[in-house]
Amino acid sequence: MHETITSQNYNKPNVKAIRNNIACILNTSTAVPFKYFMSRFRCFYCPKDFDDCEQLKVHSSSEHPFCTTEIKSMKLRNRHDGGIKVDISLLSCKICTVKIDNLDALIDHMINEHKIYYDKSIPNNLQAYKLVKDNFPCPFCDELFRYFRTLLNHVAKLHSDNKNICVHCGLSFRNLPNLRAHVSRRHRVANFKCLKCDLTFTSNNYLQTHLGRVHGNKIVECSECDERFTSVYEMQRHKIDAHASGHKCMHCNKLFTRNSFMVNHIRRTHLKEKNVECTVCSERFFDAQRLKVHMVKHYGERNYHCDICGKKFLWKKNLRGHMASHIKNSNQIQT
């Protein structure tokens, strides 16, 4: 009896062939593979993490110039969604140094110009991104994002075929591991009970934060003195006020509780950075969020209208201000 070949088995990609294809792309081009975990860029080849994507690219190019199919990251477990991320911001062929726009064009170039074997019958299992610091473009719609994690959330919500649905909240995910991680973080059983108000929490950290904020338990101790505080933020503010200890701006010596706050301060106050440009009027903004607000002026609908005079507004707050003028005029007439 002959074995029946199901369509599922017939269409199942050959993992070894996928690995060979990926190694081919990484070894013959300037594409840089990377991981992203806990808001940091992680090297594809080793455990090193980087806050800056440019540092990651320099590290990968200098420390890992060649990719083999035997490294741990090439095992492709739980990566059936095309999960290996690669940077193509400076994509070019290593053989002839010609610059290329995208991975498909690169593959065609390698096959046609350099006669390199590449199996085009199987998916390449890659996600192409352009790592441009503070201006990460969406590979699908070219919208710009200041933070890479915000871009990933945007792609997951608007440009992915998410089929794994959370039964607790309805969010969808591209694969089961992402769904399991979500359930573990967001829907864990609340086993940590507050003895003062009977509220329950999913972790001891959340419980301790609750005890500090709600019940005034001073659980955070200052490293400079013996004083204790109800939250980490209060302790950080104390260190700035009492000990002049914090993240200092190199230009004006102002102190901040977080390094990210200090960096944003430098960009906005001292460098006057406005790297995000409106494609309609060329006005520039600090980040994509402010550009979104601005774009309403060009494309937004005036959904807020005055019931008294019929004038329409883009923003609800503008309508409130307009209505106040009607009330003021009415009061003047009555007097």
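**Aromatic packing, sheet and cores in a predicted model**

Phe34 and Phe148 are both buried. The model is predicted. The rings of Phe136 and Phe148 have centres 5.5 Å apart and planes at 70°, so this pair is edge-to-face. Phe136 belongs to strand E6 and Phe148 to helix H5, and the pair links distant parts of the chain, 12 residues apart. Phe136, like Phe148, is buried.

In total, the structure holds nine aromatic pairs. Phe34 and Phe148 form one that is edge-to-face, at 5.7 Å centre to centre with 65° between the planes. Phe34 lies in strand E1 and Phe148 in helix H5, so this pair ties together parts 114 residues apart in sequence. One aromatic cluster takes in Phe34, Tyr36, Phe41, Tyr129, Phe136 and Phe148.

Helix H5 spans residues 148–158, and its buried residues are Phe148, Leu151, Leu152, His154 and Val155. Viewed down the axis of H5, these residues fall within an arc of 160°, so they line one face of the helix. The cover over them includes strands E1, E2, E4 and E5. Strands E6 (136–137) and E7 (144–145) also contribute to that cover.

Five strands form an open sheet with mixed pairing, in the order E3-E2-E1-E4-E5. E3 (49–50) and E5 (126–129) stand at the edges with a single partner strand each, so one side of each has no neighbour in the sheet. E1 (residues 32–37) pairs with E2 (residues 40–43) in the antiparallel sense, over four bridges. Within this pairing, Phe34 stands opposite Cys43 of E2. E1 also pairs with E4, again in the antiparallel sense, over three bridges. Here Pro33 is set opposite Val86 of E4.

The pairing of E4 with E5 is parallel and has four bridges. Val86 stands opposite Ala128 in E5. From E4 the chain crosses through H4 to E5, and this β-α-β crossover is right-handed. E4 is covered on both faces. Ile84 and Val86 are buried on one side, Lys85 and Asp87 on the other.

The largest nonpolar core has 24 residues, of which Ile22, Ile25, Val86, Leu103, Leu106 and Leu126 touch the most other members. Helix H2 (15–28), strand E4 (84–87) and helix H4 (103–114) are the elements that give two or more residues to this core. The most come from H2, which gives seven residues. Apart from this core lies another, of 17 residues, among them Tyr36, Cys53, Cys138 and Phe145. Beyond residues up to four places away in sequence, Ile25 touches Ala31, Leu103, Leu106, Ile107, Met110, Tyr118 and Leu126.

The loop between E4 and H4 contains Ser92. Ser92 counts as buried because its relative accessibility is 12%, below the cut-off of 20%. With neighbours within four places in sequence left aside, Ser92 is in contact with Thr28, Ser29 and Thr30, and with Thr97, Val98, Lys99 and Ile100.

Methods:
Residues numbered from 1 in each chain as written. Predicted model: local features only at pLDDT ≥ 70, side-chain atom pairs only at ≥ 80, totals over all residues. Heavy atoms only, no water. Pairing = 2+ DSSP bridges. Core = buried A, V, L, I, M, F, W, Y, C linked by side-chain atoms within 4.5 Å. Buried < 20%, exposed > 50% of the residue type's maximum accessible area, 1.4 Å probe, protein only. Contact = heavy atoms within 4.5 Å. Arc of directions from axis to C-beta. Right-handed = clockwise from strand over helix to strand, strands pointing away. Phe/Tyr/Trp six-rings, centres within 6.5 Å; stacked < 30°, edge-to-face > 60°.
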